[in-house]
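Thanks for coming. I will take a few minutes to walk through one structure, starting with the overall picture and then going to particular strands and charged pairs.

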Amino acid sequence: MQHSRFGPICVLAAAASAAVACAPTPAAPAPAAPALGAPVAPAAPAAAPAPQRGGILAYASTTQVNSLHPFKLRGAVERRAGGPVYDSLLAYKYENGSFEVNYDVEPWLAERWEQPNPTTYVFSLRKGVKFHDGRPLTADDVVFTHEFIRNPANDFPIASLLTPVQRTEKVDDFTVRITAKEPSPFLLQRLADRNMFILPKHVIERGDDLAKVAIGTGPFKVKSFDADSRSEYVRNADYWQEGKPYLDGLLIHWTLDESTRLAALIAREIDLWAAPDKKQTETVLQTVRDVQVQRVTPVYGDALVMPLDRPPFNDVRVRRALHLALDREALIKTAAQGEGIINPPAMPGHKEGYAIPPADLIKLPGYRQPKDPDLAEAKRLLAEAGFPEGLKTTLLYDKRRSTESRLAEPLAGAVRRGGFDMELGGRDRPEYVKALRDRSYQIALDFTADMELNSRQYPYLHSKGSQNTMGLADPKLDAILDGLEVAMEKSAQKRLALELQQYLLETLYHIPTIEMPAYQVQQPWVRGFLSDQAVSAFFERPSTTTTWIDQEVRKKYKGP
């Protein structure tokens with residue numbers, strides 16, 4: 001089993017070299033591509049060329065998006081539609097072409113901030129920032145957005161991100177004061193979260209449907225949006241970062257199947273693609289070896305979640321049986337094609353110092369090998385809980401999300417040996433999200449962890465969490481999560497993170513699975529792209545503003 005974290009691999013026509021350093025010549029003989037995951041000695045970087053203006057970047061999404069609403073739906077999938085359009089107060093800081101997992105932040109719509117006391121933050125907004133309709137950004141928009149998110153009637157999945165906030169108030173037209181309930185170690189990171197967009201007050205107040213209308217301050221404007229085909233974006237010429245973005249526009253394909261996406265990349269009709277697995281990436285490299293590839297271990301963890309206030313999963317014996325039946329090593333061999341990381345509950349397995357180490361996990365029931373003792377105990381627990389012939393259930397998952405689609409079938413096969421008969425219930429994303437929100441499911445694959453502490457753990461696992469679809473309400477668990485919200489010292493954060501995992505291993509409110517690498521593939525003419533561990537980084541800040549197309553290189557492949 002390979003416990004990889006974050007490692008770039010660049011394969012060019014002439015040789016392996018830095019990901020954005022050289023322009024390949026197609027006629028040059030191509031050497032054999034190294035195996036994915038093999039270490040590549042970095043070459044001395046060449047002088048970076050100056051960014052150029054122009055060009056449309058085409059992207060094939062691996063997941064369909066059915067709405068432009070930035071807050072209604074959940075997570076990275078929806079940001080692929082809204083990410084180019086909206087900005088946030090702060091942004092995560094990128095360094096050296098990769099994402100800083102410490103989640104340092106930098107100014108964005110707020111050009112600076114001060115913290116006069118432990119619970120007060122004063123943000124100075126940039127002057128001259130305009131929404132796409134020409135209206136200026138003011139403090140009123142920030143205050144309105146925060147109230148809009150926190151309004152319980154809106155029931156937004158991201159609402160828990162603002163849990164630390166007591167109030168957001170206007171000081172003057174370009175100054176906002178945010179008061180925290182208590183000293184908060186993560187508040188600035190929450191304000192930089194990829195979902196924490198600032199919306200135009202006037203657009204919402206006049207009744208525009210945010211699912212169909214997107215007016216932000218971001219680097220691109222929506223030209224057209226068709227969830228059943230593709231969306232087009234055009235450059236915002238009045239963007240507040242002078243000279244940016246470099247691209248003239250974006251073209252996002254939403255509904256291409258895997259074979260069509262692969263063919264389009266090989267035909268050089270798309271510029272950027274998050275390849276779903278190792279085999280498809282190897283197919284690309286065998287055909288067009290000059291593409292640039294970066295392997296990424298995502299920041300989140302997939303887990304099995306279930307309604308905990310009704311049978312059969314309100315019985316801890318059933319949950320423990322499922323945990324024991326799950327063969328994570330087998331999932332790494334099948335779903336992850338030999339690469340991956342086993343996860344503890346509520347934590348990415350590679351968050352060092354915070355996650356129970358894999359070397360310790362593999363000694364525990366449910367993780368250990370060989371599986372025979374665990375499988376026997378799983379069947380015994382099921383029989384004791386009233387299911388001597390085994391338990392039949394249906395596994396809900398997002399069939400448009402490649403990771404879940406790859407995981408679902410081998411997972412169902414793995415637990416069958418322990419007495420669980422799982423019918424596959426893949427649905428399109430809107431139906432999947434609705435089933436989770438309505439709690440009209442039996443068991444489901446969903447995220448429950450994030451590298452940024454408590455940004456996903458609290459919403460999913462706290463009794464007041466805005467994404468708690470399990471009916472979970474445990475005072476002891478709430479106390480641990482509340483403690484994480486205010487733990488200022490890293491030593492205390494690590495202690496509570498480990499306490500959280502140990503408690504969840506006892507209660508098994510969700511069943512952790514594995515993390516699988518993904519592969520970011522881009523054409524050799526794509527420059528300045530900042531990949532991150534969320535895999536969809538292009539549509540986040542600041543990569544929307546740094547990516548550009550080397551037209552000379554593009555002409556060598558595609559002609560004038």
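**Overall picture**

In this protein, 72% of the contacts with a separation of 6 or more are between residues 24 or more positions apart; contact here means heavy atoms within 4.5 Å. What you see is a predicted model, in which local features need pLDDT of at least 70 and side-chain atom pairs count only at pLDDT 80 or more, while totals for chains, interfaces and linings use all residues. Residues are numbered from 1 along each chain as its sequence is written, and side-chain values use heavy atoms, with hydrogens and water left out.

The protein has 17 helices and 25 strands. These are DSSP runs numbered from the N terminus: helices are H or I with at least four residues, strands are E with at least two. The protein has 560 residues, and 60% of them count as buried. Buried means under 20% relative accessible area, exposed means over 50%, and partly exposed is in between, with a 1.4 Å probe and protein chains only. The accessible surface is about 21,000 Å², and carbon and sulfur atoms hold 49% of that; the areas come from the Shrake-Rupley method with a 1.4 Å probe, and for residues only the protein chains shown count as cover.

Now to a sheet. Strands S7, S8, S10 and S9, in that order, form an open sheet with antiparallel pairing. Two strands count as paired if DSSP finds at least two bridges between them. At the edges are S7, residues 110-117, and S9, each pairing on one side only. On average, neighbouring strands in this sheet are turned by 20° against each other, direction ignored. S7 and S8, the latter covering residues 120-125, are joined by five bridges, and Trp113 stands opposite Phe123 in S8. Helix H2 packs on this sheet and touches S8, S9 and S10 (175-180); the direction of H2 makes about 160° with that of S9. For such angles, axes are lines fitted to C-alpha atoms, for helices over the stretch in contact, and values run from 0 to 180 degrees between N-to-C directions.

S18, residues 391-398, runs parallel to S20 with two bridges between them, and Leu396 has Ala444 as its bridge partner in S20.

Last, the charged pairs. A salt bridge here is a side-chain nitrogen of Lys or Arg within 4 Å of a carboxyl oxygen of Asp or Glu. How many salt bridges are there by this rule? The count is 25. One of them pairs Lys170 with Asp140, with the closest N and O atoms 3.3 Å apart. Lys170 lies in S9 (165-172) and Asp140 in H2 (139-150), so the pair ties together parts 30 residues apart in sequence. Lys170 is partly exposed at 37% relative accessibility, and Asp140 is partly exposed at 30%.

Lys278 and Glu339 also meet in a salt bridge, at 3.8 Å from N to O. Lys278 is in helix H6 (278-287) and Glu339 in the loop between H8 (328-334) and S17 (341-342), 61 residues apart. Both Lys278 and Glu339 are buried.

Finally, Asp315, Arg317, Glu377, Arg380 and Glu384 are linked in a network of salt bridges.
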